[in-house]
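My notebook is open and I'm going to look up a few things in this one. Here is what I'm working from.

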Amino acid sequence: MGPDLGSRIFRIAKEIGMMGEGYVWIITDGMTNLWSVIDRSDMDYMQGVLGLRNYVPKSKELKRFEKQWKMKFLQDNPGMVNAELDIFGLWAYDAISTLSMAVEEVFGTTNFNFDAANVSQKGPTLIQALSRTRLKGLSGDFGFINGQLESPVFQIVNFNGNGENGIGFWTPNYGLVKRLEVSNVTRYSTSKANLGTIIWPGDPQSIPKGWEIPINGQRLKIGVPMKNGFTEFVKVTLDPSTNSTTFSGYCIDVFNAVMNAMPYHVPFDFYPIKVDEEESYNNLIDQVFYGNYDAVVGDVSIVANRSKYVEYTLPFVQSGVEILVPIRNDVDKNAWVFLKPLSWDLWVTSVCFFTFMAFVIWVLEHRINEEFRGPPLHHVGTSFWFSFSTIVFSHREKVLSNLARIVVVIWCIAVFILTQSYTASLTSLLTVQQLQPTVTDLNELLIKEENVGYQVGSFVRDIVLGLKFHPSQMKTYNSPEQLEELFTKGSANGGIAAAIGEIANLKLFLAQYCNKYTTLKTPTFRTDGFGFVFPKGSPLVADVSREILKFIESDRTEEIGNPLKKQPICSTTSSSTNNLSLGSFWGLFLVVGVVGVLALLCYAIEFLYGQKDVWCKCDTGISMWKRILQVLQNFDQRDLSSHAFRQHELRVEGGIEIIRVRGDVETPVKAPIETLDEEPNDISTVAESREIDIHHANTNSS
């Protein structure tokens, strides 16, 4: 493009407002190289334009040649006042010099060897010589590569004032550099930081985006909801003294950050829109739909029926709708509170296993341990005493059987775990507040005809009506303080028993009023969260949504200050009232049960094997039932062959020697004491050595 045509384009661009703030103009070397011939009056239309031109290094030869050329040119053209040699003249001079050097290399200085048609036979050789020729000409390094002029170095200039300002260079090897001394440059660069200061069109302080979205020359009119409460998301402050309006809050900060990151400049202004009981958030949607505003920025929830009239960006705050209710201390510390730590199924299972352990120990100890013998009631009492006394580990009966010892060890471990868990749970019940919601579900609110609250202007009103609440039961609030006041009054006094609201706002309320309220663990009414509102078909929606995604993924919400993340953690003393259930201990009972059953099985096999004489008698007159009774009678007898019954003690009372057989009564025997010094291995040997019949002695003593 020539200078004349280029000047006309910039003149028209100036007239239509395209040479102001937010625009970027870059011209190529075709016009920049002819900068000297542009009329000075046209320079006013090119302020802030960037241009590329071929760089010509300064040299003495160039200065001398320009002086000689100018003198010759003015001598031949006396009517010319201002004559400047441009890059094309320098290239022409260097091209002739290169050609002459190639001709001298090929032809020498005498014979050019033209044929009859005046065509030299050395034409191809001349072309090869021309491609090899390199020289440092007036325009710098000059040569040809594959028939093309070698890629030059470009200088980047910025037009401002009445002249130009060089801000850097572009080289084929190093890209953008501020100076051509590239000794410290090691890699190719495209960074703008390597260039000097640029004055943009309109002289703005911020870097232009490069182009603007068409808005008919007007700035976008952005509506912002103006309300009294929950100002962490959006806050509109009016200053009557200066008649100015300040917009702040998380939503405003996110929108500004997204707009600054857009790939093009979007000028806009904020305007407040009042939100109250008469003008709801739906009114904001209507304003965009009817074209009164170009967009709405604020805590506007993405709802399906609204999307019929406007378009939303992707959400920048996740939200939904939940039910908020007060909480109370749900533990009645009466005389039976000690039963609450364990569920009923765990109580029943524990009693069953205590009984089972009593039976197992009795079976394993009955034949060898005198403490588990005696009348039937004594059997039962001792067995249950032993089993239940393990709760406090106060059992005094000795366990003699190895199988019983194994069972008792496993059982004591299980009892220890169970008692410690019970103690911890009971302590929690008696010392820690057990906070429970006053309402458990929506049906309870409907049945009791309780009042519910919702935020002024919110779409939640439609949800509450859809849940079959009467309008007289619905109360509005505009701030966390008003919501707290409604809860304090209670439903019976014109207040509310529950609030239905957006999760984001309820979280702000809970952060302010700790330990007094909670949300019901019921299915949440789903919404996509907060998004920006644009008209249908707006070309901004896709780009704004893309920048929102980048904003969220980069976790810049921490820098701006997401109110949902920077709220203080509520310290609470509430705890769950879920008591200990069988599901927490079934594995423990399984281990105890398996050990007990295996012990019984091992003992039964050993005992029945010892009774093989009873089972295998050849007397056919004895029925199976009588054999079973005989085995049971044998089970009830002492096992005198066990290690426990082979131990005995001797003591003297009134000159009479007493032989005490462990597991039997004490039997006085008239015999010299000297003969009892030795300890025979079994009772039969003692009786034989003293000529005593133990059986008769027991009979006489009885």
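This is a predicted model: local features need pLDDT of at least 70, side-chain atom pairs count only at pLDDT 80 or more; totals for chains, interfaces and linings use all residues.

In which helix do Trp-69 and Phe-73 lie, and how many residues apart are they? I found both in helix H3 (residues 60–76), four residues apart, about one turn of the helix.

Residues are numbered from 1 along each chain as its sequence is written, and side-chain values use heavy atoms, with hydrogens and water left out.

**Rings**

I searched the whole structure and got 28 aromatic pairs. A pair here means rings of Phe, Tyr or Trp (its six-membered ring) with centres within 6.5 Å; planes under 30 degrees apart are stacked, over 60 edge-to-face, the rest tilted. Trp-69 and Phe-73 are stacked, at 5.0 Å centre to centre with 15° between the planes. Trp-69 is partly exposed at 25% relative accessible area, and Phe-73 is partly exposed at 24%. (Buried is under 20%, exposed over 50%, partly exposed in between, with a 1.4 Å probe and protein chains only.)

Next I looked up Phe-255 and Phe-532, an edge-to-face pair at 5.2 Å centre to centre and 80° between the planes. This one links distant parts of the chain: Phe-255 is in helix H6, and Phe-532 is in the loop between strands S21 (525–526) and S22 (533–535), 277 residues away. Phe-255 is buried at 1%, and so is Phe-532 at 0%. Both belong to one aromatic cluster, with Phe-268 and Phe-316 also among its members.

**Helices**

I stayed with H6 (residues 250–260), which packs on H15 (residues 540–553) at about 110°, axes 9 Å apart. Axes are lines fitted to C-alpha atoms over the stretch in contact, and angles run from 0 to 180 degrees between N-to-C directions. That makes the two helices roughly perpendicular (65 to 115 degrees; under 35 is roughly parallel, over 145 roughly antiparallel, the rest oblique).

**Sheet**

Last, I traced an open, mixed sheet of five strands, in the order S1-S2-S6-S7-S8. S1 (26–27) and S8 (175–177) are at the edges with a single partner strand each, so one side of each has no neighbour in the sheet. Strands pair if DSSP finds at least two bridges between them; S2 (residues 50–54) and S6 (residues 154–160) run antiparallel and have five. Gly-51 has Val-157 as its bridge partner in S6. Helices (H or I, at least four residues) and strands (E, at least two) are DSSP runs, numbered from the N terminus.
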